[in-house]
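Here are my notes after a look through the model you sent. Have the structure open as you read.

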Amino acid sequence: DHSSEFIPKCRTCRRQAREQSGEGDHHEGLSSDEELTPTEVDEFHKSKDNVLEDSRKIFEDVHADFCDIRKILLKFQEWKEKFPDSYCDAYISFCLPKLLNPLIRVQLISWNPLEQNFTELEEMPWFRAIEEFSDAENVAESK
């Protein structure tokens, strides 16, 4: 198989070309195909900033009771306490993941677990709100 011979030769040629051109910012172990040009990095950052800016505007015109996961879950908790039969008949426990999915996704847009100082999922406010709601449901069911 000649392809295995071709790969090291290409790497050697690229390394020699980098050494001759004076490029010193290559990281060993990375393919030069994986390296981004400064223009590509700038475009990526601009695109990322645009997405983050747009994500901040998504819930601008939504009443606070309907874009805060904790407040939404409190309304469902009240429904379950006041009208348990209709709550069960509506299969709310199956509907909540679909309902909360867009709200959580917006909060995770800027989350990057590869950064050094990233926030653990368990520490995020939406995670704690769901955890508290689940604990309250489990306590109510055990009664």
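1. Is Tyr91 buried or exposed? Tyr91 is exposed, at 53% relative accessible area; the classes are buried under 20%, exposed over 50% and partly exposed in between, with a 1.4 Å probe and protein chains only. Tyr91 sits in the loop between helix 4 (84–89) and helix 5. Its phi is near 50°, which is positive although the residue is not glycine. Most residues other than glycine have a negative phi.

2. Some ground rules. This is a predicted model, where local features need pLDDT of at least 70, side-chain atom pairs count only at pLDDT 80 or more, and totals for chains, interfaces and linings use all residues. Residues are numbered from 1 along each chain as its sequence is written, and side-chain values use heavy atoms, leaving out hydrogens and water.

3. On the overall fold, the protein has six helices and zero strands, so the pattern along the sequence reads α-α-α-α-α-α. Helices are DSSP runs of H or I with at least four residues, strands are E runs of at least two, and both are numbered from the N terminus. Of the 143 residues in the protein, 15% are buried.

4. How many salt bridges does a search of the whole structure find? It finds two, taking a salt bridge as a side-chain nitrogen of Lys or Arg within 4 Å of a carboxyl oxygen of Asp or Glu. Side chains of opposite charge can pair when their charged atoms come close.

5. Glu53 is partly exposed at 37% relative accessibility, while Arg56 is exposed at 57%.

6. The other salt bridge pairs Glu132 with Arg70, and here the closest N and O atoms are 2.5 Å apart. Glu132 is in helix 6 and Arg70 in helix 3 (residues 69–82), so this pair ties together parts that are 62 residues apart in sequence. Both ends count as partly exposed: Glu132 at 44% and Arg70 at 35%.

7. Now the rings. The whole structure has five aromatic pairs, where rings of Phe, Tyr and Trp (its six-membered ring) pair if their centres lie within 6.5 Å; planes under 30 degrees apart are stacked, over 60 edge-to-face and the rest tilted. One of them is Trp79 with Tyr87, an edge-to-face pair at 5.7 Å centre to centre and 85° between the planes. Trp79 is partly exposed at 27%, whereas Tyr87 is buried at 4%. Ring pairs also bring in Phe76, linking Phe76, Trp79 and Tyr87 into a cluster.

8. Finally, the surface charge. Which residues form the negative surface patch? They are Glu120, Glu122, Glu123, Glu131 and Asp135. Patch members have over 30% relative accessible area and no salt bridge, and like charges are joined within 9 Å. Glu122 lies in the loop between helix 5 (92–108) and helix 6 (125–142), and Glu122 is partly exposed at 46%.

Notes. Patches are made of residues with over 30% relative accessible area and no salt bridge: like charges are joined within 9 Å, nonpolar side chains (Val, Leu, Ile, Met, Phe, Trp, Tyr) within 5 Å. Accessible areas come from the Shrake-Rupley method with a 1.4 Å probe; for residues, only the protein chains shown count as cover. Lys and Arg count as positive and Asp and Glu as negative; His and the chain ends are not counted. The place of a charge is taken as NZ of Lys, CZ of Arg, CG of Asp or CD of Glu.
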